[in-house]
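Got a fold to pick through, and happy to do it question by question? Have a look at the sequence and coordinates first, then we'll get going.

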Amino acid sequence: MAPKGKVATKGKKQIYEDNAATLKFYTRVILGANAIFAAVNLLLFSSSASFWTWALLVFALMVYGASYQSMSAMAKPTFSEDGTLLDGGIDLNMEQGMAEHLKDVILLTAIVQVLSTISMYFWYLWLLAPGRALYLLWVNFLGPWFSAESPAANEEVNEKKQRRQERRQMKRF
């Protein structure tokens, strides 16, 4: 049964605390994935580490850095001069927000990075990210834009409807 009444909203302080916890969690995910990758590929199998191992590590670090930096910029709180919280930042745990997509990118990169300790072919799974981006672009922007009817067609249909209604009214009288 759905709750009745107004949907509960979060206060500034709760958003601030939730954002801090979310950023802390994703910091741990990033550090954990990099630690596993470095321990297996760069320490355990250092003799078989190739250029691609290093290149993909740099790629992952760039993705992590860009995503995490964007999330932390969105969650940046604003304090007054006396130290009271004025704004907790954008809620990172909001559904259908940009932060949700950034969190997905971090998790996808971490999963792919850890799986790549088994085989470097798991990096191909990262192609899911641009695929998802293209899907969202089509569903939210391009698809509706291409399938939208032109205003001239609507005017023509409205004129036909108006003439039909006038004929019907004339028949009644």
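Q: Among contacts in the chain between residues at least 6 apart in sequence, what percentage join residues at least 24 apart?
A: Keep in mind that this is a predicted model, so contacts here are those of the prediction. Take the contacts between residues at least 6 apart in sequence, then keep those joining residues at least 24 apart: that share is 64%.

Q: In what order do the elements of the chain run from the N terminus on?
A: The secondary structure comes to five helices and two strands. Reading from the N terminus on, the order is α-α-β-β-α-α-α.

Q: Where in the chain is confidence highest, and where is it lowest?
A: For the background, the chain averages a pLDDT of 84, and 90% of the residues score at least 70. Confidence is highest in α3, at a mean of 93.

Q: Are the axes of α1 and α3 roughly parallel or roughly antiparallel?
A: The axes of helix α1 (residues 12-44) and helix α3 (residues 98-115) come within 9 Å and cross at roughly 20°. Angles under 35 degrees count as roughly parallel. That makes the α1 and α3 pair roughly parallel.

Q: Is the crossing of α1 past α3 left-handed or right-handed, and how many residues of the contact are nonpolar, polar and charged?
A: The way α1 passes α3 is left-handed. On the α1 side the contact is made by Thr22, Tyr26, Val29, Ile30, Ala33, Asn34, Ile36 and Phe37, and on the α3 side by Lys103, Ile106, Leu107, Ala110, Gln113 and Val114. Sorted by type, these residues come to ten nonpolar, three polar and one charged.

Q: Is Gln113 buried or exposed, and what is its relative accessibility?
A: Gln113 lies in helix α3. Leaving out residues up to four places away in sequence, Gln113 touches Ala33, Asn34, Phe37, Leu57, Ala60, Tyr64 and Trp123. Buried means under 20% relative accessible area. Gln113 counts as buried, because its relative accessibility is 0%.

Q: What is the relative accessible area of Thr53, and is Thr53 buried or exposed?
A: Thr53 lies in helix α2 (residues 51-74). Not counting residues up to four places away in sequence, Thr53 touches Phe37, Asn41, Leu42 and Met120. With a relative accessible area of 5%, Thr53 is buried.

Q: What percentage of the residues in the chain are buried?
A: The chain has 173 residues. Of these, the buried ones make up 25%.

Definitions and conventions. Residues numbered from 1 in each chain as written. Predicted model: local features only at pLDDT ≥ 70, side-chain atom pairs only at ≥ 80, totals over all residues. Heavy atoms only, no water. Axes fitted to C-alpha atoms, helices over the stretch in contact; angles between N-to-C directions. Helix = DSSP H or I, 4+ residues; strand = E, 2+ residues; numbered from the N terminus. Parallel < 35°, antiparallel > 145°, perpendicular 65-115°, else oblique. Left-handed = near helix turned anticlockwise from the far one by under 90°. Contact = heavy atoms within 4.5 Å. Nonpolar A, V, L, I, M, F, W, Y, C, P; charged D, E, K, R; others polar. pLDDT = per-residue confidence, 0-100. Buried < 20%, exposed > 50% of the residue type's maximum accessible area, 1.4 Å probe, protein only.
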